[in-house]
Structure formats: C-alpha cells, structure tokens
Amino acid sequence: MAGHAEQSSGERIIEAAGQLEAVHRELEILESDGGVAVTTRVRQSFAVDLEELWQCCVREDRLARWFAPVTGDLRLGGRFSVQDNATGTVERCAPPGGGQVGEMQLSWEFGRDVSQVVVRCEAAEPYGGESASHGPEAECSSRLTVEHRGLIPWDFWSTYGPGAGGVGWDLALLGLAHHLRTGSTVPAEQTLWVTTAGAEEFIAGSSAAWGRASEAAGTPAEAAAAASGRTTRFYTTPDSEE
C-alpha cells in the first residue's frame, strides 16, 4: 500500500465494520486565484466521557497509541512535531473545564504548506443503534470534531480532491475508535492490517465518501468521482506516482 507508515506491529485484525458510516464529513470549497481554499471537517461520537476523549487528543502518550508519535510541547504557544508528518504551533488551547467544550487550534506545517487544524471535544447525548461507533446499542457520551483549513493548489485539488487528506483523517478516526474499544497501543496505520484486503476496502470506501462530500459541496459529479478513483489508487497501489 502506498504511503502507509512503517509497520511496528504484527496485528492484522482491525475491526472497521461500521466505522465509515459513524463519521460525518463536511466540506467547504472556495476557489481563488492562488488555488482552492478548503475546509475539511470530520465528526464522530464515542462511548467515553469528555475528559477521556480530550486526553486522547492532547497527551503525547495517548496520541502515540492511535494517531502517531508526537514530540514537543502541546501547550499554548508550544511547538510540536508529528512523526513523518507535520510540525506546528499550538495557537489556542482551552480544556473542557466544567464539562464544556475543549478546543485546540494548531498551525499545520508540511514542507512549505501551512494550514490550520482545529480539534474540538464536547459532550454528546448518549444514543444507540447501528451508527454508534462502538457497535449496536453503544452509548456515546462525547464527540470529536476535527477541522482542517488550507489553500490547496488547483492542479493537486483537481487531481485528488478532498480524499488526499480526508482518507488520512478517516484512518486516524479508525485508529481512535480501535484504541478506545480495545486499548490498543499502536495506530492502525502502523500495523500489518494495512497490507490486508480489508484495509484496501476501507480506503476505497473512505475515498468514495469524500467524493460524495465533494459533490455535495458543489464539485461536478464526474470530476468528484474521477478524483476519488485517483486517490484510492494512490493509497492502495504500491509505489504509486500519481
């Protein structure tokens, strides 16, 4: 599979059934002379309390179990580095005191590209049913929203659409759901699961979902579908150069 993280575990069984359906995806797209200003938003509820979810998002030891190793200082004004990914600065950090919304805003610096990520944790009404992130009848008591804003060059956007980054966020949320459900200590992307047919199916499903979100945001259907297909091939074809 192209572009996956170095495997650090032999684990092949990642339960992904229902995960794509548990995520709500939104896009805001604004074309400009310098490219396409895109806001990507993902949202999922989990059967843990608000403080537990917040700790998963702001503590280095917890992030390493489901997202990636993060070093640096995750306090206001601190600099951080995500292994094999971005660096950045914590621009705002407000813990969820008194059960209120917790929010962290980060600059997201990848090479010369600088974008912004907002992580929001809030209490959610418990609910059950097939869409619950921990399976039927699960009660969800907290909700995570991740918003990624940035300017994307037109040629890159027309080639891959929102799936280039959106698939990555879907994989991250899968890792979080798996961690909270099983207590796993290795992100899904760093296990041998990424070499399985199940992983390819998950990525294809994620890419298709982002294609639908792109169409809903105003992208012509044919262009959205074509970009979705190219994103799937990039993630699943070894040594892809698309």
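User: What share of the 242 residues in the protein chain is buried?

Analyst: Buried residues make up 47% of the 242 residues. Keep in mind that this is a predicted model.

User: What makes a residue such as Ser184 count as buried?

Analyst: Set the value against the cut-off. Ser184 has a relative accessible area of 10%. Buried means under 20%, so Ser184 is buried.

User: Where is Ser184, and which residues does Ser184 touch?

Analyst: Ser184 lies in the loop between helix H5 (163-182) and H6. Leaving out residues up to four places away in sequence, Ser184 touches Arg65, His178 and His179.

User: Why is Ala47 called partly exposed?

Analyst: Ala47 has a relative accessible area of 30%. Buried is under 20% and exposed is over 50%. The value of 30% falls in between, so Ala47 is partly exposed. Ala47 sits in the loop between strand E2 (35-46) and H2.

User: How far apart are Ala47 and Leu180 in sequence and in space?

Analyst: Ala47 and Leu180 are 133 residues apart in sequence. In space they are 8.3 Å apart, C-alpha to C-alpha.

User: Why is helix H2 described as largely enclosed by the rest of the structure?

Analyst: Count the buried residues. H2 covers residues 50-58, and seven of its nine residues are buried, so H2 is largely enclosed. The buried ones are Leu50, Leu53, Trp54, Gln55, Cys56, Cys57 and Val58.

User: What describes two packed helices?

Analyst: Two packed helices are described by the angle between their axes and the distance between the axes.

User: What are these values for H6 and H7?

Analyst: H6 (residues 197-216) and H7 (residues 221-236) pack at an angle of about 155 degrees. Their axes are 8 Å apart.

User: Why is H6 called roughly antiparallel to H7?

Analyst: Angles over 145 degrees count as roughly antiparallel. The angle here is about 155 degrees. That is why H6 is roughly antiparallel to H7. The crossing of the two helices is right-handed.

User: Which residues of H6 and H7 meet?

Analyst: From H6 come Glu200, Ile203, Ala204, Ser207, Ala208, Gly211, Ser214 and Glu215. From H7 come Ala221, Ala224, Ser228, Thr231, Thr232, Tyr235 and Thr236. By class, this contact has six nonpolar, seven polar and two charged residues.

User: How many helices and strands are in the protein chain?

Analyst: There are seven helices and eight strands.

User: What share of the accessible surface belongs to carbon and sulfur atoms?

Analyst: The accessible surface of the protein chain is about 11500 Å², and 50% of it belongs to carbon and sulfur atoms.

Definitions and conventions. Residues numbered from 1 in each chain as written. Predicted model: local features only at pLDDT ≥ 70, side-chain atom pairs only at ≥ 80, totals over all residues. Heavy atoms only, no water. Axes fitted to C-alpha atoms, helices over the stretch in contact; angles between N-to-C directions. Helix = DSSP H or I, 4+ residues; strand = E, 2+ residues; numbered from the N terminus. Parallel < 35°, antiparallel > 145°, perpendicular 65-115°, else oblique. Left-handed = near helix turned anticlockwise from the far one by under 90°. Contact = heavy atoms within 4.5 Å. Nonpolar A, V, L, I, M, F, W, Y, C, P; charged D, E, K, R; others polar. Buried < 20%, exposed > 50% of the residue type's maximum accessible area, 1.4 Å probe, protein only. Areas by Shrake-Rupley, 256 points an atom, 1.4 Å probe, with all protein chains shown as cover.
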